[in-house]
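Work through the exercises below with the sequence and the model in view, and try each task before you read its solution.

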Protein chains: 2
Amino acid sequence: MSDTKATQAKRQRTGVRVTMATVGRMAGVSQVTVSRALSEPDKVSADTLRRIHSAIEQTGFVPNAIAGALASQRSRLISALVPSLTNVVYSSFVKTFSDSLREAGYQLLLSETGFEPEEELKAIASHLSRRPDAILLTGIHHSAQARKMLLGADIPVVEAWDITDTPIDMCVGFSHVEASRAVADYVMATGYTQAATVTANDERAHRRRDAFAARMTSLGGTPVAAHDCEGPASIASGRAALSDLIEREALRTGVIFCSSDVLAQGLLIEAQACEINVPGNLAIIGFGDQEFAAHLEPALTTVRVDRNRLGKEAADTILTRLNGGEKKRVVVDLGFEIVTRASA
Amino acid sequence: MSDTKATQAKRQRTGVRVTMATVGRMAGVSQVTVSRALSEPDKVSADTLRRIHSAIEQTGFVPNAIAGALASQRSRLISALVPSLTNVVYSSFVKTFSDSLREAGYQLLLSETGFEPEEELKAIASHLSRRPDAILLTGIHHSAQARKMLLGADIPVVEAWDITDTPIDMCVGFSHVEASRAVADYVMATGYTQAATVTANDERAHRRRDAFAARMTSLGGTPVAAHDCEGPASIASGRAALSDLIEREALRTGVIFCSSDVLAQGLLIEAQACEINVPGNLAIIGFGDQEFAAHLEPALTTVRVDRNRLGKEAADTILTRLNGGEKKRVVVDLGFEIVTRASA
DNA sequence: TTGTAAGCGTTATCAT
DNA sequence: ATGATAACGCTTACAA
């Protein structure tokens, strides 16, 4: 009965707790030996190991990673903040990212932050409080306060889906400005001079829209009409967008650069409904090269970004650093590719 | 110089660490007061609060949730295991689930487990080691070992996306057997007697396939041909499936029940390529009612499941329990709805 | 309103 | 090969 009052009180609130000490007692060794048996088994005799494992089996002991993290100052947790989970573009990226990490023994703390900087700041703070071993952010625009917190955390920080010469720490992505300019170049080279954009509510998409419009103008095209969608990309909003452009801008010819393949699909469907021939009358270009793009009728011209590679590279830069890689600025440009199909 | 050697060693390896003690020293109070200032501010005087916040500001202090979790025996972490992140069906579910939880102050520890029970078991173990306050699983089929671990964890466990009278703890979903029977009933009532299935590699989809085939047979239909896809659902695999059914089963009439809308879209596209009229010659039914289903040509008949509500209900059952709700078995059947459109 | 002390369950260090 | 002991940075109970 050497328990203090506090201990007794806790015992009452909670169920029986199996710890390394419990296991050790049962196996006739101290708690430390149990810890060793799990993390450095070759430093423990075969017989002891056997007894410990048998005790673990009997008790159903599950090591407490929280205590381990506190003691070792390593959480084996990696944070990821993405704007959207339901957008396949990001979810497939998260998938490859987390696959690589899990293989290396890390777990994923995930948050969807939308496109509001304030939301992101709150998410960053709450993630950092968990002391992740590294953190992944989407995009390169973060509030000053966010940058300060991240720098202060003193962990690897990867900014994905974009490129900058001045990342907080490391970045893996591609240039949205370059990609948009390439699309404009392709459009002009193909002979379209009239263009419009349909853009979802996404900061990177906005930058693509602007870079595209600027390039078109500088190449001698007519001013680019723009339709910006309220919410996330959907077929319905794509249809509404085309409908709006037709009505508001009397647009029935030229090319429309959409911020995502889903929007483009919406435009394609609406065009068909309005009996507008694509690409005969109106050409349509998407972004992302999702699986369905190649199967649409007409097949969709779009911009391909290697999302899987993006996820893997992001994970790799983190793992390299965590495995003792020197702390240097890393900027990986994965590029993009214009995939020319029937729609433009 | 009252530091022990261990402390000194740690100091060397790591950067300067800002803790509540640091903040307290700067604000002229003890560490506990800082803790109180953050968790129960009204128990701290206004002036002290001011000094503490100023110190927090200056130091960039971020509370260590790991230490907090260890001390309080509450991690404020919720685990979720889903078979796939890239499948919108699950990702939208995860989204609503995590939205509800975040609002309540919890963070999401997420793993994609695929459809292999072994993978799931490993994931469960590694999640439980983080001592989540609750855990969400997809489906109701888990290994005996998994059930034992989960029971031992003594936390709320929600099994989602399916229904059973004997959940590990709580479950929220719908009956895949009922849904498939309803589809078969609809099919027979509509007058089709010949049917086939196209099924992705998903345990619940397999059960739907079997229940559908059994009902068709018991209602007097001809034996149901089946095409099972290797990997996850995709348009390409849907196209290949139809092509296979045509070739192998000489199927050019009747109805095909697909395990997902994406597969169904693939079939629709392949049918068009083969100049098979839908639904004139071949009727097609999907599953899930994704956004694009209504926009396809012909619009897709499918089974609607309210994924958002599923995510929200799953979160709610957890939160209710965590907020002191009595520990009783909860089984929520969200049902389904056959959405009749042009394709069947 | 504030402080002291114990404890959370590990890992790290140093002895034996 | 094993153990004793001190952190890790908080929260809880209790005292002042």
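**Exercise 1: An aromatic pair**

Tyr90(A) has a relative accessible area of 4% and is therefore buried, where buried means under 20% relative accessible area, exposed over 50% and partly exposed in between, with a 1.4 Å probe and protein chains only. Before going on, note that this is a predicted model, in which local features need pLDDT of at least 70, side-chain atom pairs count only at pLDDT 80 or more, and totals for chains, interfaces and linings use all residues. Residues are numbered from 1 along each chain as its sequence is written, chains are lettered from A and ligands numbered from 1 in the order in which they are written, and side-chain values use heavy atoms, with hydrogens and water left out.

Task: Is Trp161(A) buried or exposed, and how are the rings of Tyr90(A) and Trp161(A) arranged?

Solution. Step one: Trp161(A) is buried, since its relative accessibility is 4%. Step two: rings of Phe, Tyr and Trp (its six-membered ring) pair if their centres lie within 6.5 Å, and planes under 30 degrees apart count as stacked, over 60 as edge-to-face and the rest as tilted. By this rule there are 14 aromatic pairs over all chains. In the pair of Tyr90(A) and Trp161(A), the centres are 5.2 Å apart and the planes stand at 70 degrees, so the pair is edge-to-face. Step three: Tyr90(A) belongs to helix α6 (residues 88-103) of chain A and Trp161(A) to the loop between β4 (157-160) and β5 (170-173) of chain A, so the pair ties together parts that are 71 residues apart in sequence. Helices (H or I, at least four residues) and strands (E, at least two) are DSSP runs, numbered from the N terminus.

**Exercise 2: A sheet in chain B**

Task: In what order do the 4 strands of the open sheet in chain B lie, and which are the edge strands?

Solution. Step one: the order is β7-β6-β8-β9 (chain B), with parallel pairing; two strands pair if DSSP finds at least two bridges between them. Step two: β7 (225-228) and β9 (282-285) of chain B are the edge strands, as each pairs on one side only. Step three: strand β8 (residues 254-258) of chain B pairs with β9(B) over 4 bridges, and Gly254(B) stands opposite Leu282(B) in β9(B).

**Exercise 3: Two copies**

Solution. Step one: a turn of 180 degrees, with a shift of 0.0 Å along the axis, gives an RMSD of 0.1 Å, the copies being superposed by least squares on the C-alpha atoms of residues with pLDDT of at least 70 in both. Step two: the two copies are thus related as by a two-fold rotation axis.
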